[in-house]
Amino acid sequence: MRLTGKVVVITGAARGIGRASAVACAAEGADLVLLDVCADLPGVPYPLGSAGQLEHTAQLCRDRGASVLTAKADVRDTTSVRDAVALAAERYGRIDAVVNNAGIAAPSGKRVHEITEDEWSLMLDVDLTGAWRLIREVGRMMSDQRSGSIVNIASTAGLVGYRHFAGYVAAKHGLVGLTKAAALDYAPMKVRVNAVCPGNVRDTAEAEGRMLREIARALDVPADEHVAAFTQSQPMNRLVEPDDVAGAVVFLASDDSAQVTGSVLTVDGGFTAH
Amino acid sequence: MFSGARCHALRVRLAGPVRPEALTAPTRLWVEDVPATSTEPLAERRRSVELGRPVGDLRCTLLRYRDGVADLVLVADRGHLDAAGLRAVALALMGGSAVPSTPRSVVSVAAGGVPDWAAALEPVEAGSFELCLLGSEGGTAESWRTALAITLVRYASVDSPGWAVIGTDAGAVRVTPGGPAEPTDEPASVGLLVSDVDFGVNEYRPCLAVPFPLTFSLWRKGDTVRLRCDHQAGRISPAQVEQFTRHLAHVHRQVVANPEVAADDVELLDAAERARVAELGRPAEELRTTPTRIDAAFRAVAARTPDQVAVTDGQVSLTYHELDERSDAVASGLRALGVVEGDRVGVCLERTAELVVTLLGVVKVGAAYVPTDPAYPAERLAYTAQDASLKLVVTRLPEFPGAQAVSPDDIVGAEPVSSTGSPDDPAYVIYTSGSTGRPKGVVVPHRNVIALVDATRDEYRLGSADVWTLFHSSAFDFSVWEIWGCLLTGGRLVVVPYFVSREPERFRDLLAAERVTVLSQTPSAFSQLLDVRHDDLAVRLVVFGGEPLDQRALLPWFDVHPESVCRVVNMFGITETTVHVTHQTVSRADALAGSRSVGPALPGWHLYVVDPRGRLLPSGVPGEIWVGGAGVAAGYLERDDLTAQRFTDDPVLPGRVYHSGDLGRLRPDGALEHLGRIDSQVKVRGFRIELDEIRAVLLEDPDVRTAAVVVRRDDPYDAATARIDAYVVLASGDAVGVRKRAAEILPDYMVPTTVTALESLPLTTNGKLDVAKLPAPSAGRPVEAPVGDDLASRLREVWGSVLGVPVGLDDDFFELGGNSLFAVRIGARMREGGLPALQLRELYRHPTIRSVVSALAVKGNGG
C-alpha cells in the first residue's frame, strides 16, 4: 500500500472525483479528513454535495480500513478552512497530502461580457481562491514537516479555452498558475504541488457526480448529445472515469512521485494532445 | 509542527470500560471502530499507525475491534508528559486516580551522521532491535550513559577522540569515560532515552520518529528491563545495530559491577560473542589438503601429464616431462656443488624458463630458494646474500656481492637426487621491505604453498586447460602463486619477459597470442593494460593482489569482459601468510558501489581483527588484522625477536597467527575490509587522513584515469609542514579542475595541496606504485634548518650533507637512498668530525640515527 500512515485532506469529498479519490486513498492505507460544503450555494444553479453524501464517502473509506474525520467546510470561508485543518492536526498530528478538489462548473454558459460581477467573483472564489486558502493553512505545517504533497484538481479548462465558460476557464488557468508558483515556493521545504487536469469525466452512479450534466445544461444542450460530442473529442474515444482521476491523485500524493512538483498531469484521454 | 522524535506512546489492552471524563479539557477521547477483529492485519496496522502519530501535548484514542476487544492508545510529547505521567493517564482512564501533569523541557539536539561501524552500502528502512534484560540490570540513567559512552569509544577504535557525544532529552552531552560529562552543541549520532517506569505487558514506544541515527531507550516491563535501539532509515546495518546493543548490555553489567572501571579495561565481548566474532573470521568452506612437498606434488602432476607443455618462454617450450628432467639435473648439479637439504640457495635470474627450472631444482635438492631480482641495486643483493648467509647464488650476473655466483650453465651433475625432507621444511625465503626497518626474510614451508593451491584449485577450477602468466619478479611472492599455482594444477606457464611486462601493447599481444586464461596482476599494472585495446583475450580469471584495488577502476574491463565470461577476483595478501589471505569475486555491482571488501579468508586461512591489547574486536570496528591458519609462515630468517613479536599463538585455535600491521575490519558477513597500514595512517594538521579516501574521490572524477596520493613534509621533523600531494593520469581536462572538484567533496584538510598530472604512474619492479619515483610537485626542497650539537643533531647534519636530503631521527638510511658508498662517506665524515667510529655492518643493523645513537651509547658504556 502506497499511502500507509499518511493523512490526506480532500475538499469536495461528498461525491464525484472527491469521493473516488477518497476511496482510492483509503484503499492505499491512508487516513482521511473529508471536507465538503454540504450545502447549496446561492448563485450556483445546481445542488452541491450533501452531508449525507459526505457521510457515505466516509463510510466507503472506513470499510476499507481508514480512520476518517469528516467536517463541513466552505472553501470560501477562511475560518471554516482553518478550523478543519486544526481538527485534522489535533486528531492526526500531521497532514501529508491535500487534494483541492472543491469546485463548481456553473454559473456558466455566457459570453464574457454577459457575465455578472457576482457570477465572476463566485467562480473565482470557489475554484481558485478556495484552493489558495487551504494551501495557506497547510503550507506552514507541511514546511515544518519538510514533507507534503498538494494536489490541485484543475481541468483541461486550465490548459485550453472553452466557449461560454470564461469564468471557469480563467479560474482553472489560475489554479494551474498557482500550482506552479506554489511548487517553487515550497520546493526548498520538500513540499510538492501538482495539478491534475481531468478531461470530461463521466457522471457515475457510484460517485454521484453531476458535473457533465451541469456543463451540458449551462450550454443548453441535451445531455445525451453532449456526452456523444465529448466522447468523440477525446482520442481514447470514451469519457474519463472518476477512478482514472483518483489514480493520478494517489500517484501524486504518494512517494512514488517524490521528484514530481510543479507538474500538470492531464487525465483527458488525449484531448489536449491535439 | 509536532515532532515524532519528541513523542512517546503507550498501548494498553483494555479489560473494562474507559472513563473519558477522567480527561481534562481540551484533551478528548477519540473513538475508532475498526472493521476487523483484533488479530487481523488491519487491526495491527491501525494500532501501529495510531502509535506513530505525533502530538503537541497528549492524544488519547480508543480502538474498538469487531471481536469486542479494545485498545487504548496514548501519545504524548515527552516534555508534556513523561513516562510515569503517561502511565498515570492510562490508569485514570481505566478508573484509577487523577491525572498528574509533569511538564519539563525537552531540548532539541542536532542529529549527526551514521557511525562508521554501523554503516552499510545498502539503504534500509527504519527499524529496531530490542533486548530483554534481567530486572537487576536496570541500572540508572547515569550508568547507562557511562556504558554507552564506553561502548562508543571502544567501537570508534583508532578514530576515537576518547569521548562520545550522546543525545538526551536534556540536550547533547559529551561524555568522557572516567571523566566529565559536559553539555555540548555538537551533533549526536547516538541518543539515549531512559525511563524507570514499569509498563507491564503493554506496548511502549519511547520515540515515534527516531531522533538520532541510533537511538537507545530503556524501560521496565514487569520484572525485565527492555533495552531497545531504534535506527533511522538509511545506509545502516541492522546486524551491526544488534551487535552493538548486545555489547552495550555487556558493558553496562561491568559498569554496574565496578562504576570506576576504565574504558580500556572493559571487556566488549563476552565469551559467546568472542566465539561468534572468531567464527566470523573463518571462511564457510574447510580446506581439504594433504601436506606434501612442492617437488612431490610437481612429480605427481608430471607423471600424470608428461607431454603437456609446462612452460612457454618465447620460442622455447618445456613439457612437464622435460621440466621434470631438467630440474632433476639442476638438483643433481647443486648437490655436486655441495648443496644439502636445509640449505638456502640464492636465485637471481631474469624471468625465463631457466628461472622456473632452477627454482624447481632447488626445492628438489631439499634446499629453500632465496630469489632476488637482477634489477636490484648491488647493495640490496649484498644485503640479501649476507642476511640469508647465502654461499651460492644461481645467476647470470658475472658476480654476486657477498656470495659465490654460479651460472646455470655450470650446474651439472650426474647423480640423481631426491629429497627426503618434510612438508614443513622451508620452500623459499622471500624478502619483504616493510615500511620501516631493513628487509626481512620470510621463511615459508612447502605445506603452505600446497595449502594455497588446494584452497583455490576447486573454487577457481584451476586445471590443465589453463594458461598462466609469469608476470612478476621471482623476488615478489605474487610469483609463488603464478608459478606453483600453475604447475601444481597442470597448467601452462607463459613467461612474460621484463620488457614485455612494461609495455601494455606488447603484453596484450602476448596474452592474446598465448591464449592466456589466468591473469594475475597488481591493480597498478592492470590499469595500464586497460589503457590499450583488450577485447581479443581468452582470459577467464583475473586475480588481483599486491595492492589495494579500487573496484571502480574495473568498469572498463567489465564492459568488454562480462562476469559470465571472465571472473575477477581480488585477493588481499601478505608475504608472511603465503601470498594470499582473502578472496573476493568482484562483480559489476561491487564495482559500481565502490565496495572496499577484500572478501572472506581462503579456506584454511582465518582472520582476527584485534585492538592494541590483542583483544578481538567486533565486526565493523577497525583494528589490526591478524591472520592464522594454513598460510602462516615459519617466521623471519634469523630474526627471532621480530618473529616472536609478529608471530604469536593463535588466541582461539591451535597454531600461530601473524600480526599484519594492517588496519581492517570484519563486516557482519565475514568479509574483510582492508583499511591500509596502521603505521601509514597519517595526520595532517592534527586530522587523521585516509589517503585511500582522497584517492577514491579523485578516481570518481571522470577526467581522472588513475591517481596516487602521498603525504610529504617540507620539514620532515615538523608535522606542521605536512602536505598532501596528488598525482593523476588524466583522460581529459586538467589538474586544476580536478583539484577544484575534489575540493567540493573533501573536507578542507583532505584536499590535496597539489595535483600534478603525469603521463603514467611510476611502478616498481614488482608492478606496484613506486612512490619514490613520483616527481616533486614543485621544484626545490627547503634546506635543512640548522641543528644543535648533540650527537643526534650532528649525525643528522652529517647524514643530511652526504645524502643530500634532510634526515629525521627515524628516517631509514636505505629508504633515503643510502648505499654502501654513502655509508663509507658517512664513516669518513664522522671520523673527521671526531665522532665515534661506526662500522658498515652496524649501519646496516641500525639504519636510523636514533638506533645508531643508542647503539653507540651502549658501546660507549661497555668500554
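Predicted model: local features only at pLDDT ≥ 70, side-chain atom pairs only at ≥ 80, totals over all residues.
Two residues are in contact if their C-beta atoms, placed from the backbone, lie within 7 Å. Residues are numbered from 1 along each chain as its sequence is written, while chains are lettered from A and ligands numbered from 1 in the order in which they are written. The model scores ipTM 0.93 and pTM 0.79.

**Chain A**

- Chain A has 8 helices and 7 strands, where helices (H or I, at least four residues) and strands (E, at least two) are DSSP runs, numbered from the N terminus.
- Its radius of gyration, taken over C-alpha atoms, is 17 Å, close to the 19 Å that the globule rule gives for 274 residues, so chain A is as compact as a globular protein of that length. The globule rule is 2.2 Å times the number of residues to the power 0.38.
- The C-alpha atoms of chain A fill a box of roughly 45 × 35 × 35 Å along the principal axes.
- Of the 274 residues in chain A, 54% are buried; a residue is buried if 20 or more other C-beta atoms lie within 10 Å of its own, exposed if 12 or fewer, and partly exposed in between, with C-beta atoms placed from the backbone.
- Among contacts in chain A with a separation of 6 or more, 75% join residues 24 or more positions apart.

**Chain B: overall**

- The secondary structure of chain B comprises 23 helices and 40 strands.
- Along the principal axes, the C-alpha atoms of chain B fill a box of roughly 110 × 70 × 55 Å.
- Buried residues account for 46% of the 863 residues of chain B.
- In chain B, residues 24 or more positions apart supply 65% of the contacts with a separation of 6 or more.
- Chain B has a mean pLDDT of 89, with 93% of its residues at 70 or more. Residues 778-787 of chain B have pLDDT below 50, and this stretch has 10 contacts in the model beyond near neighbours in sequence.

**Chain B: helix H2**

- Helix H2 (residues 83-93) of chain B is mostly covered, with 8 of its 11 residues buried.
- The buried residues of H2(B) include Leu86(B), Arg87(B), Val89(B) and Leu93(B).
- These buried residues of H2(B) pack against strands S1 (7-13), S3 (58-64), S4 (70-77), S10 (190-198) and S12 (214-221) of chain B.

**Chain B: helices H10 and H11**

- Helix H10 (residues 446-457) and helix H11 (residues 478-487) of chain B pack at an angle of about 70 degrees, with their axes 10 Å apart. Axes are lines fitted to C-alpha atoms, for helices over the stretch in contact, and angles run from 0 to 180 degrees between N-to-C directions.
- H10(B) and H11(B) are therefore roughly perpendicular to each other, a term for angles of 65 to 115 degrees.
- Val449(B), Leu452(B), Val453(B) and Thr456(B) of H10(B) meet Val480(B), Trp481(B), Trp484(B) and Gly485(B) of H11(B).
- By class, this contact has 6 nonpolar, 2 polar and no charged residues. Ala, Val, Leu, Ile, Met, Phe, Trp, Tyr, Cys and Pro count as nonpolar, Asp, Glu, Lys and Arg as charged, and the others, Gly among them, as polar.

**Contact between the chains**

- The contact takes 14 residues from chain A and 13 residues from chain B.
- On the side of chain B that touches chain A, strand S2 (29-33) and helix H1 (41-51) of chain B are the elements that give two or more residues.
- H1(B) gives the most to that side, with 4 residues.
- The side of chain B that touches chain A has 8 nonpolar, 1 polar and 4 charged residues.

Definitions and conventions: Parallel < 35°, antiparallel > 145°, perpendicular 65-115°, else oblique. pLDDT = per-residue confidence, 0-100.
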